[in-house]
Amino acid sequence: MAGRTVRVRGFPAELPPDRVADKLTIHFLRSRNGGGDIADVRVLPGSPPCALIIFEAPEVAQRILKVKNHVLAIGRTLYPLEVTPHAAELSPDEVLWG
């Protein structure tokens with residue numbers, strides 16, 4: 001998954017995970033957003049929630065990261081998304097609850 005995965009934050013926490021996954025898939029498939037073929041979308045619980053988007057090719061993930069403003073439209077509301085590279089290892093400020 002390294003190099004093909006981006007982390008996304010900024011979508012509404014109250015949406016069901018399957019709806020979030022659908023909306024993010026549509027957004028990140030679009031070429032105008034720098035997108036391309038997606039292998040998987042994983043919506044992770046948390047506060048705030050985040051999603052991992054795994055692309056088929058690393059160059060798509062790199063294009064996505066170069067786009068400055070990703071905005072997700074849901075109904076009439078626009079949500080600015082924070083899109084960052086996803087590292088394989090956890091950073092010190094991330095905690096897993098089991």
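I began with strand 1 (residues 5–9) and noted that 4 of its 5 residues are buried, where buried means under 20% relative accessible area with a 1.4 Å probe, protein chains only. Strands (E, at least two residues) and helices (H or I, at least four) are DSSP runs, numbered from the N terminus. The model is predicted: local features need pLDDT of at least 70, side-chain atom pairs count only at pLDDT 80 or more, and totals for chains, interfaces and linings use all residues. Residues are numbered from 1 along each chain as its sequence is written, and side-chain values use heavy atoms, leaving out hydrogens and water.

I next looked up the partners of strand 1, given that two strands pair if DSSP finds at least two bridges between them. Strand 3 (residues 50–55) runs antiparallel to strand 1 and is joined to it by 4 bridges; R7 stands opposite L52 there. Strand 5 (residues 77–85) also pairs with strand 1 in the antiparallel sense, over 4 bridges. In strand 5, T84 stands opposite R7 and E82 opposite R9.

I then traced the whole sheet, which is open, has 5 strands in the order 2-3-1-5-4 and pairs antiparallel. Strand 2 and strand 4 each have a single partner strand, so one side of each lacks a neighbour in the sheet.

Finally, I examined helix 1 (residues 17–29). I found V20, A21, L24, H27 and F28 buried. They lie on the same side of helix 1 because they cover an arc of only 130 degrees around the axis, taken from the directions from the helix axis to the C-beta atoms.

Technical notes
Buried < 20%, exposed > 50% of the residue type's maximum accessible area, 1.4 Å probe, protein only. Expected span 1.5 Å × (residues − 1).
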